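Subject: Structure handover

Hello,

Here is the structure I said I would pass on to you. Please open it next to this message and follow along.

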Amino acid sequence: MTGRTFRLRRGRRLVPARASGRGGRVGRGAQPKVVALGGGHGLSASLAALRRITGDLTAVVTVADDGGSSGRLRDELGVLPPGDLRKALAALCGDDDWGQTWARVIKHRFASEGDLHGHAVGNLLIVALWEQLGDHVQALDLVGKLLGAHGRVLPMSAVPLELQALVRGHDPAEPDALSTVRGQATVALTPGEVQSVHVVPEDPPAVPEAVAAVLDADWVVLGPGSWFSSVIPHLLVPELLEALQETKARRVLSLNLAPQPGETDGFSPQRHLEVLARHAPKLALDVVLADEAAVPDRESLTDAAKRLGAAVELAPVAAPDGSPTHDPELLAAAYDRIFRMHGRIGPWR
């Protein structure tokens, strides 16, 4: 790739094309097979956009959450944390009454003075089906069918993971000292500068369906989201990283609109790329997507992307209210343009 910078125009509302029913690389008249990796609100934003432009969509979700309702269920029952999986399913719900009703239901949290306080309905539903069926993937597929989800949701690993970070200056009294911070919820808000992250166990098993989806994809989308706690963890599952490196799919990295307080305070857009490259030095990218208003130094970002083999695409993808959140229709237009411009064969519609 050349590392050139492009600007994307604001797009119209997009309607998914009819699936061709044929495998292989994307061609005219076919929908792209897209796999999106991440967790939390960042992955939800990406899924809400991608479901507008393809009907062949799979989310691969991090399983290191240890806070809130997910953390309580994980500690009490020894299950995968369901929260990020629930958020992904909600993002895949349609815009009709059925989809929006179910999206609200599974996001609903109980408010009480008892043990149910703070638990999300969707978390309880997912865990109940795991216990009934004894199969993570089958249970999530069933929840997706109930919701009418426009895509599939898979955990990245079959075991719950603990995220650990090496942080410089975690103790303000010792700004140069290195400390180990444990737990995704703690890492996400840690003071100091995160140097690197790893997961425990160090060689976690990937979910086979997630690996297969990446290998069979036309496009893999990584980010946006909490960089150290939602994006990079996918690169710490060896089988998943190997699939990301070997897949014939094109890879697009979607950058955040602003640094995250604590986790990436003071990070420039190019610093995000440098950190990702340190954790997965053999992973190449094809496209880096960023909001043009969030890139103060375009030349530095272009240089950092070029070192990863990627071109930079600049597009207005931020919500019009000025908050650091992605607008689903603008983000959909950006992804649609990228898939058309950088596809191997040509337009997929």
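Pro 201 sits in the loop between strand E7 (193-200) and helix H8 (208-216); helices (H or I, at least four residues) and strands (E, at least two) are DSSP runs, numbered from the N terminus. Val 200 and Pro 201 are joined by a cis peptide bond, with omega about 0°. Another cis peptide bond runs from Gly 223 to Pro 224, with omega near 0°. Pro 224 lies in the loop between strand E8 (219-222) and helix H9 (227-231).

Before going on, note that this is a predicted model, in which local features need pLDDT of at least 70 and side-chain atom pairs count only at pLDDT 80 or more, while totals for chains, interfaces and linings use all residues. Residues are numbered from 1 along each chain as its sequence is written, and side-chain values use heavy atoms, with hydrogens and water left out.

Next, two helix pairs. The axes of helix H3 (residues 83-91) and helix H5 (residues 121-133) come within 9 Å and cross at roughly 110°. Axes here are lines fitted to C-alpha atoms, for helices over the stretch in contact, and angles run from 0 to 180 degrees between N-to-C directions. H3 and H5 are therefore roughly perpendicular to each other (65 to 115 degrees; under 35 counts as roughly parallel, over 145 as roughly antiparallel and the rest as oblique). Gly 83, Leu 85, Arg 86 and Leu 89 in H3 meet Gly 122, Asn 123, Ile 126 and Trp 130 in H5, where contact means heavy atoms within 4.5 Å.

Helix H11 (residues 269-279) packs against helix H12 (residues 298-307) at an angle of about 20°, and their axes are 8 Å apart. This pair is therefore roughly parallel. On the H11 side, Pro 269, Gln 270, Leu 273 and Glu 274 make the contact; on the H12 side, Ser 300, Leu 301, Ala 304, Ala 305 and Arg 307 do.

Which residues of H12 are buried? They are Leu 301, Thr 302, Ala 304 and Ala 305. These residues cover an arc of only 165° around the axis, which puts them on the same side of H12; the arc is that of the directions from the helix axis to the C-beta atoms. The face turned away from the buried side of H12 carries the exposed residues Glu 299, Lys 306 and Arg 307. Buried means under 20% relative accessible area, exposed over 50%, and partly exposed in between (1.4 Å probe, protein chains only). Just after H12, Gly 309 has a positive phi of about 85°.

Regards
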